[in-house]
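Please look at the sequence and the structure below before reading on.

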Amino acid sequence: MSENDVNTVALAFSGGLDTTVCVPLLEEEYGYDEVIGVTVDVGQPDTEFAEARETADALGLEHFVVDAREEFAELCLRSVRANADYQGYPLGTALARPVIASAILDVAHEEGCDAVAHGCTGKGNDQLRFEAVWRDSDLNVIAPVRELGLTREYEIEYAAERNLPVEGGNEGAWSIDTNLWSRSIEGDDLEDPSYVPPEEIYEWTDPPSGTDSELVEIGFEDGYAVSVDGEQLDAVELIEQLNALAGSHGIGRTDMMEDRMLGLKVRENYEHPAATVLLAAHEALEGLVLTQEERSTKTSIDQQWSEKAYQGLLSAPLVDALSGFIDATQQRVTGTVTVKLDGGHARPVARESEYAVYSESAASFNTETVDGIEQADATGVAKYHGYQDRLARAATEETDVPEAIMDGGTDV
């Protein structure tokens, strides 16, 4: 119990249909005396905060807003060091949810709450990401929409019957989630994989035209992006500036079939201009400064890091171990990369670093030797190259191999 013997629950609150409906449900169905709403700023549009405030006021709900933009932006830039993506798109919502969950938990503890709650359904990923953080606390975890089996139609009717402050449950044709790093659009006609999305679903990116191009230089220190065209920027400013710049060239659109953690396959559309540029630039710089073995090994490490990030489990012990390898490699990922922006593409066209594992003279066709190694010295290597393969083919040709019986058996 909280100090004043009032059962209080902290609700992840957006002011949309799901979380608005959760307020009376938590009071009437779960018996909580008080519900407080917590909205966490990870770079959403101002209109979303206005909606949350207005809805909270209409409900008489005590409402907290937590600014977590800097923390989230730093995590996004950390994810670049791991070249983090999931099935081909940069992680956005997946990175934001644990940050949001942690901020809500902090408010819940400060306000003496007995529980935390969210409005997620039982079909998506976010329920798992929120609860991975919350279930590490001593507070009860409540998910009314999931636990009561609510549908969108039921919520709309419930809101209308209770005269709740939502516009008939109509939040627009699309379900949209926005943060600093990405903007996701799903639902309605987009649930049909054969449906061609209209241009209206996009806000961050202009239609890719390919009629103009622009060069941008990204500076990195220890794998972290720190500057744009030589100007040092903090994490939030850097991401916002690149979102605007790359978005104007139509860069950062993804339309995909995504496999969720629960096994459902869903159609998702994303916008992620800054992430697209930074990931391309970072990978190009790694190609210059890391050895072949480091690059090969890091591909596997990055994939595992990305999987845990997608699951909302970056606090897992495995991630600490993975991050140790990533940190070691990133000590040399310092330098600049020039990226060409045009026609929806971000293409690295130049890179420079004092840690380059590269010799221009050694690679040049105009030099005869490589640090004293003559071209003719490669003859012995060429003779041995593929030697076992040649032996294997010869052995196969010299041996009578019985043909398999069509039913899968063998002659006896």
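N163 lies in the loop between α7 and β8 (175–178), where helices (H or I, at least four residues) and strands (E, at least two) are DSSP runs, numbered from the N terminus. The model is a predicted one, in which local features need pLDDT of at least 70 and side-chain atom pairs count only at pLDDT 80 or more, while totals for chains, interfaces and linings use all residues. Residues are numbered from 1 along each chain as its sequence is written, and side-chain values use heavy atoms, with hydrogens and water left out.

**The two sides of α7**
- In helix α7 (residues 152–161), the residues E155, Y158 and A159 are buried, which means under 20% relative accessible area, whereas exposed means over 50% and partly exposed in between (1.4 Å probe, protein chains only).
- These three cover an arc of only 100° around the axis, and therefore lie on the same side of α7; the arc is that of the directions from the helix axis to the C-beta atoms.
- E153, A160 and E161 are exposed on the other side of α7.
- The buried residues of α7 pack against α1 (17–28) and α6 (144–147), with contact meaning heavy atoms within 4.5 Å.

**Positive phi angles**
- Most residues other than glycine have a negative phi.
- N163, which is not a glycine, has a positive phi of about 55°, and N163 counts as exposed because its relative accessibility is 67%.
- Q87, found in the loop between β4 (85–86) and β5 (89–90), has a positive phi near 55°, and Q87 counts as partly exposed because its relative accessibility is 39%.
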